[in-house]
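Subject: Structure handover

Hello,

Here is the structure I said I would pass on. My notes on it come after the files.

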Amino acid sequence: MEILDLQPKKVFKYFSEISKIPRCSGNEKEISDYLVNFGKERGFDVYQDEALNVYMKKKASPGYENAPTVILQGHMDMVCVKSEDSNHNFCKDPIKLIYEDGIIHADKTTLGADNGIAVAMALAYFDSDEYKHPNLEMLITSSEETGMDGAIAVDGKLLEGKYLLNIDSEEDYGFTVSCAGGVNQIVRFKEEFDENNSNEAYTITVDGLLGGHSGMEIIKERANAIKVVARFLNSIKDKIVLAEISGGTKHNAIPNKAFATFTASEDISSEFEKFRKEITNEYKTKDKGLRISLNRTEIKKTYTKDLSDRLVSFLALAPHGIKAMSADIKGLVETSDNLSVVEKDNGNIKITFSIRSSIESARRELEKEIETLAKILKADIESRDGYPAWEFEEDSKLLSISKKVYKDVFNKEPEILAIHAGLECGLLKKHLPNTEMISFGPNLHDVHSEKERMEVESVNKMFNFLVELLENIK
């Protein structure tokens, strides 16, 4: 069966169309213009702001003119990750969609269902005349994946919605009603070099890891490639001098590959073999694809021994993973951080952390912990791209209506969920303080990785729910 033959047809039509348009975070002009043109061609009131957010309005069906206005909301950008053997160019190549056994995935790249499926659902609904609904507003934001810049720039005065439906959750069995807040921390070590000595040079590489979304998958305790490399380097720190270290790609993706080059004052092959056996055994269940290799190489210069020691110590001691579990919601991570990226940056080694917590004081304490470590080891540090938590509103009328519709349609109660990830609802609440919100969506798996998958029947299920929900908001 072809993608365009899947149900609901209009949803997959638009998902296929937007998959042809480059839309990595920071490269959203073309997809934003596409949305604007969609609205103009159909006579909708449409507006594009300086952040490339798109606002669109559709009038109510007859009899629904006095019902509360509803906002359909998602984000247009996607995380762009590909496998090592992929030649895909995200700046120009369409995402190649593959349908197999009820699942849609891409060809060795991220699929972009996070959050392209929200865009496709909103477009499909706006492009249909057979549904009964209140006045509708569509808000599609930009750069959600790199700091929620679009949500930060939203002008609440352009929106009238009493209810907001965020279609950016990844489980179809309930509604998300609360999410963690977060902040990114940037640590910089100034590069200091020595001429290469005569010691043997090596490259250690860690790859084959699952990676994944640092909010949704952090609870699975998968291996972090940067931490694995740092752990080995720290075990032989007195014998080595670093020349380069790099790993990770996105602040909100668990690093699935990292490498380091260094010189060693003596043969380290036995230490490496021992470490390789130990680390693969540790992750044989949680991340069984872990690969680690050590190869001889050539190096022209290294960092100074002092910088090498400070950098290795920092990466080995820096926290990563779950800091605390929620005492209120079983199975929910309360506080965590993702040591996400190590890269060269204008004469510095730049290290990025993504910190999340549903409790602001706990987030601040974790920030302080990393800041203290950075200062002890003579590194600069800054916090940026912070976003607030979205707090649960127990008396929400929207939630009450949504629960009833879900029960009527599927003959079971929806689960009420909180997630350890940042949704735009936290920021949008600042612009729209009187707007009630819920988040839902179809089943997605391994987002932010080349293994990202979307369940077709789940898309059909949640679009039908959207149709019924809007008909019942009167």
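This is a predicted model: local features need pLDDT of at least 70, side-chain atom pairs count only at pLDDT 80 or more; totals for chains, interfaces and linings use all residues.

Residues are numbered from 1 along each chain as its sequence is written, and side-chain values use heavy atoms, with hydrogens and water left out.

Cores. A nonpolar core is a set of buried Ala, Val, Leu, Ile, Met, Phe, Trp, Tyr and Cys residues joined through side-chain atoms within 4.5 Å; buried means under 20% relative accessible area, with a 1.4 Å probe and protein chains only. The largest has 69 residues, and Leu165 and Met454 have the most contacts inside it. Helix α3 (residues 113–126) gives the most to this core, eleven residues; helices are DSSP runs of H or I, at least four residues, and strands are runs of E, at least two, numbered from the N terminus. A second, separate core of 50 residues includes Val229, Ala230, Ala258 and Tyr283.

Tyrosine 202. This residue is in strand β11 (residues 200–207) and counts as buried because its relative accessibility is 3%. Leaving out residues up to four places away in sequence, tyrosine 202 touches several residues, including Phe262, Ile268 and Leu294 (contact means heavy atoms within 4.5 Å).

Helix pair. The contact between α5 (residues 225–235) and α6 (residues 269–282) is made by Val228, Arg231 and Phe232 of α5 and Glu271, Phe272, Phe275, Ile279 and Glu282 of α6.

Regards

Definitions and conventions. Axes are lines fitted to C-alpha atoms, for helices over the stretch in contact, and angles run from 0 to 180 degrees between N-to-C directions.
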